[in-house]
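Please read the points below with the model open beside you, and check each place as it is mentioned.

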Amino acid sequence: MMRIALVLLLVAPALAQTRPELIADPPSRPSVSLDGTWNAIVDPYESGLSSRYFENAKPKSKSDLIEYDFDRSAKLQVPGDWNTQRNSLLLYEGPMWYQRYFAVEKKPHTRLFLYFGAANYLARVWLNGMKLGEHVGGFTPFNFEVTDKILNGKNSVVVEVDNTRRPEGVPGIHTDWWNYGGLTRGVKLIEVPETFIENFKLQLARGRSDQVAGWVQLRGGGQEGAEVTMEIHRGDLLVTAQKARTDASGYTSFEFPVQLELWSPDHPQLYEVRISAAGDHLTDQIGFRTVATRGSEILLNGKPIFLRGVSMHEEAPYRGARAFSEKDDRTLLTWVKDLGANFVRLAHYPHNEDMIRLADRMGVMVWEEVPVYWELEFENPAVLENAKAQLAGAILRDQNRAAIIIWSIANETPINPVRDAVLKSLSEHARSLDSTRLISAASDKWQRMDADHMAWNDPLGEYLDVIGLNEYIGWYGDRKVEDADRIRWTFAYPKPVIVTEFGGGAQYGRHGDSETRFSEEYQANLYQHQLRMLEHMPQLAGMTPWILMDFRSPRRALAGIQDYYNRKGLISDRGQRKQAFGVLEKFYREKAQEARDAQPAK
Ligand code: GCU
C-alpha cells in the first residue's frame, strides 16, 4: 500500500511547457492498477451533469432526494468497451458514468497521477467530487496529477465517458468501424518522486546508425540543473553511459556516438535503457534502427526493404470487442507473422501500447495512424487542434518504439484547399515532434486518365515522405477483378508508394465460382489479380491489404453474410483462414525469399 505526506510541494516550473504533460509509462514505473469491476450508470440524456453524479452523493436522511446510486448500479469491466459487455449496450452511443473506490496510504515526498490508457471519446474525470479535467480522443493516453486531491484511505473516482459521434470530432460522424465506448484501456495510479522523469526520447539520430539522440523532461522542484544519467545495457554488459544537466524547464537533450546492433524484423534486438535523475529511475526496452527514403525506396538501416504488410483494426479475435490485452495483441500479431508479413498498418487510430511493445519484440514494423478519417470539419480550427493533440499523444507515448517506422496523419480525406492546409500543418507538427520517422497518409484520390491508366495526384503528396494508396479495383466501382492485370499506375510525386488498402469481402465457408460475391473464391481471385497488378506498379515499396480479420461495422448490414461485420478479412472474426490468406502468404514467402537471395553473401 502507498503512503503520502499531505504537505507535498507541487512546484510547477514557471517556464512555458514545451510538450503536453504525458507521463511515459514504461512497465518499470511503479503503479497500482484500478482495473476491474466499476459501477456504471448509463445516462442517455446526460442528466448526470446537472444531477451532479460526480459527487457520488448518498442521501443523508430518509427525505433526501438523490436520484442515482453507483453502488446499486450495474457493473462494467475496465478495461473494456461497454458495447460487448451487455447486449443492451451493443449499439449504445452516449454518456456513461463510471465510478469506483480505491484505498491509498499516502507516502511522503511522492506525487500521484491518475493515468488512463484511453477512453472513447470524451472523458470527464473527478476525484472525491473535485474535477480533475477532460480529455478528447478515444485512442491516446492521458493523466491528471492528484497528489493534493487524494485522501489517505478511501477515495472515489468518477469518470463520465461519452462516445457520441460529433461533426467537429476526430473522427467525425462517419466511420467504417464499431464506435466502441468506454474505458477501453487500463486505468492506474502512478507514483513518482517529487521531482520525476516525466518523459524521454532515445533513438538513433536522423540518418545516423552510429549516433544516438534524445531528450529527458523532468518535472518538479528539483528539475532545474539536475544531473541526468542515461545508460544503455545489453544483458550484463554496460554499452554506454552518458550524463547531462537539465535547464530551468527541467529539459535536457543529448547526442552521443554508439555501436549498437540494429533492430530489424529478422533481428528485433532490444537494449535496456536506464535513466536516472533527481532520485527517479526509469528502465525501458528500446530497439535502435534507422528508417529513411531514397527515391522510391524505403531504407531500413540503410538497406532497401519491401514492406510485406497487412492492415488491422484493434479488434479482439473471437469475441468481437475492442482489443486491449497482451493476449489479444499476441494472437493478432502472430497471425500477421503467419502471413509472412514484416509490417502492419494499425488502422485508423493508435492501438494500445502493449500492441506496439509486442511488435518491438516480435519484429513487426508498424504504421501508426491518427483518426483523421474521411469527411471532417476541416474548416473548424478546433479540428486541427484536436488532431494535433492526438498525434502528440501517440508520438509521446510511442516515440521510443523501434517498430514504428511511419506516422500516418490521415485516411481518405477529400481534396480541397482547407483540407490541404490542415494536413500540411499536421505533417509539420509530426516532424516537429519526431524527425526520425517517415510521415505518410492513405488516400483513395486517384484519377482514371484512360481505360487502364490510373494517376494518383492528391496534392497531399507534397507533405508526405511516403504515399499511401487505397484502391478497390474489382470490388468497388465498375472494374472487373481481371481488369487489374491491365491497369497501369502513375504517381505525381517520385516517392515510395505503399498500397495501404485493396481487398474484397468473403464470408468464411461461403463457396462459389470466382465471380460470386462474398465467396472465398471471389476474394482469392481478387488477390491473385491485385498482386499481379502490384508487381507492375512503379515506386511500390510495400502493401497492407484490407484487412487481416473481419471486424464489426455498423455500415455492414447484409443479413446472413455481413451481419454488421466488414468481411474483407483474410481471417474470419472466429480465426478461420480464408483461401485468400494462402494466396497472400505464398506471395509474401516468395518475396521474402527473393529478398534473402538478393542479400550479398556474408
Ligand atoms: C475504406 C476505409 C476503410 C474501410 C474500407 C472498406 O477504404 O479506409 O476504413 O473499412 O474502405 O470499405 O472496407
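The numbered points below go through a helix pair, some backbone details and a strand.

1. This is a predicted model, in which local features need pLDDT of at least 70 and side-chain atom pairs count only at pLDDT 80 or more, while totals for chains, interfaces and linings use all residues. Residues are numbered from 1 along each chain as its sequence is written, and side-chain values use heavy atoms, with hydrogens and water left out.

2. Helix α1 (residues 326-338) packs against helix α2 (residues 353-362) at an angle of about 45°, and their axes are 9 Å apart. Helices (H or I, at least four residues) and strands (E, at least two) are DSSP runs, numbered from the N terminus. The two helices are therefore oblique to each other, a word kept for angles that are not under 35 degrees (roughly parallel), over 145 (roughly antiparallel) or 65 to 115 (roughly perpendicular).

3. On the α1 side, the contact (heavy atoms within 4.5 Å) is made by E326, D329, R330, L332, L333, T334 and K337, and on the α2 side by D354, M355, L358, A359, R361 and M362. Sorted by class, the contact has 6 nonpolar, 1 polar and 6 charged residues, where Ala, Val, Leu, Ile, Met, Phe, Trp, Tyr, Cys and Pro count as nonpolar, Asp, Glu, Lys and Arg as charged, and the others, Gly among them, as polar.

4. Which residues are joined by a cis peptide bond with omega of about 0°? They are V170 and P171, and P171 lies in the loop between β9 (153-162) and β10 (187-193). The peptide bond from A347 to H348 is also cis, with omega near -25°, and H348 is found in the loop between β22 (343-346) and α2.

5. R52, although not a glycine, has a positive phi of about 55°, and its place is in the loop between β2 (36-42) and β3 (75-78). With a relative accessible area of 41%, R52 is partly exposed, that is, between buried (under 20%) and exposed (over 50%), using a 1.4 Å probe and protein chains only. Y564, which is not a glycine either, has a positive phi of about 65°.

6. In strand β30 (residues 497-501), 5 of the 5 residues are buried, so the strand is largely enclosed by the rest of the structure. Strand β28 (residues 466-470) runs parallel to β30 and is joined to it by 4 bridges, with G468 opposite I498. Strand β31 (residues 540-543) is also parallel to β30, through 3 bridges, and there the bridge partner of I498 is G542.

Methods
Axes are lines fitted to C-alpha atoms, for helices over the stretch in contact, and angles run from 0 to 180 degrees between N-to-C directions. Two strands pair if DSSP finds at least two bridges between them.
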